[in-house]
Amino acid sequence: MKHVIKSLLGATTALMMAVPAFAADTTVRIAYENNPGEPADLVMHRWADLVAEASNGEVELELYPSSQLGAKKDVIEQAMLGVNVITIADVGFLTDYDADLGILFGPYLTDDAAQLFKIYESDWFKEKDAKLQEQGIHIVISNYLYGTRQLLATKKIETPADMAGLKIRTPNNIMQIRAIEAMGGTATPMPLGDVYPALTQGTIDGVENPLPVLYGQKLHEQAKELSMISYLQNTSLWLGGQAYFDTLDPSVIEMLHETGREAGLYSQELAAKQDAKILEEMQAAGVNVTYPDLAPFKDAAMKVYGEFPEWSEGLYEEIQTQLAQ
């Protein structure tokens, strides 16, 4: 649905007292790969409700789950062209615009997502955000918790050596590709929607993702070995194209940011509640759960931080200092 501009003629005093008078009836499409019922979908429904309430129905979020508008990369490209769409992306997808951002998606950077969120509020990140806007990217939600990424495979994985020769699906971003390779696997990037048939056909041997996604995509039907390697605290961003946001009334933009932050807080609540429940359900469905010694995985993964000469000097140390505060 197109963004339709309408003049507001004679806005009532009652409406002005109830909510800000927005300058346009606005529809924004929200695209994501996750299926209905997964945490991302639940959070987006909450955000849509918050937006409808805050705008008195004048701004609508249309939800497109299950890759209905295409793979993540395609949707981001649409957004950059000025299409009225917001989608989920990890900072690893933004390394083409600012290489330093990739470190926030580094393996075993921290085991505390709350510490990562503090970095997203820092002057360091605010400077990055401003530069991204200059390059056409508008971040709307920066406090979204996607979850802790685990490894589901057709083979039991207890050590990095067990990953040798295994083709592991990753998103198409360099940080996760390098991390899986550092830990011994063969990274195989593909859209999330293609993973189930790829497992079925034996094109890949495993997939990494938070438990709600692995379960929501029903990937445990094709791979029965879950290794709790917890290699990444997956914070995510919801973003659109600056070209589109430049067409919006500032009051609409402010409202989207405010309600988006509330939705992000809800994502953190959901992530805390769902893992234990889903783990039980996966085990009941025949999944074997392994809790490996994480030290060998961490040791193997550390090489990733030496593979990006384009990063600012001392970046890893700077981020670790911020995480320790």
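Guide: D98, D100 and K128 are linked in a network of salt bridges. A salt bridge here is a side-chain nitrogen of Lys or Arg within 4 Å of a carboxyl oxygen of Asp or Glu.

Visitor: What should I know about the model and the numbering?

Guide: The model is predicted, so local features need pLDDT of at least 70 and side-chain atom pairs count only at pLDDT 80 or more, while totals for chains, interfaces and linings use all residues. Residues are numbered from 1 along each chain as its sequence is written, and side-chain values use heavy atoms, with hydrogens and water left out.

Visitor: How many salt bridges are found in the whole structure?

Guide: The search finds eight. One of them joins E208 to R149, with the closest N and O atoms 2.5 Å apart. E208 lies in strand 7 (residues 206–210) and R149 in strand 4, so this pair ties together parts that are 59 residues apart in sequence. Helices (H or I, at least four residues) and strands (E, at least two) are DSSP runs, numbered from the N terminus.

Visitor: Are E208 and R149 buried or exposed?

Guide: Both are buried. Buried means under 20% relative accessible area, exposed over 50%, and partly exposed in between (1.4 Å probe, protein chains only).

Visitor: Which residue forms a salt bridge with R178?

Guide: That is E307, with the closest N and O atoms 3.6 Å apart. R178 lies in helix 6 (residues 174–182) and E307 in the loop between helix 11 (294–301) and helix 12, so the pair ties together parts 129 residues apart in sequence. R178 is partly exposed, with a relative accessible area of 25%, and E307 also counts as partly exposed, at 24%. E307 forms a salt bridge with K303 as well, at 3.9 Å between the closest N and O atoms.

Visitor: Different topic. Which residues gather in the patch of negative charge?

Guide: D49, E53, E254, E258 and E262, on the surface. Such patches are made of residues with over 30% relative accessible area and no salt bridge, like charges being joined within 9 Å. Asp and Glu count as negative.

Visitor: Which helix gives the most to it?

Guide: Helix 10, with three residues. Helix 2 (39–54) and helix 10 (250–284) each supply at least two. E254 lies in helix 10 and counts as partly exposed, at 48% relative accessibility.

Visitor: And how many residues of helix 4 are buried?

Guide: Six of its eight, so helix 4 (residues 113–120) is mostly covered. Among the buried ones are L116, F117 and Y120.

Conventions. Patches are made of residues with over 30% relative accessible area and no salt bridge: like charges are joined within 9 Å, nonpolar side chains (Val, Leu, Ile, Met, Phe, Trp, Tyr) within 5 Å. Accessible areas come from the Shrake-Rupley method with a 1.4 Å probe; for residues, only the protein chains shown count as cover. The place of a charge is taken as NZ of Lys, CZ of Arg, CG of Asp or CD of Glu.
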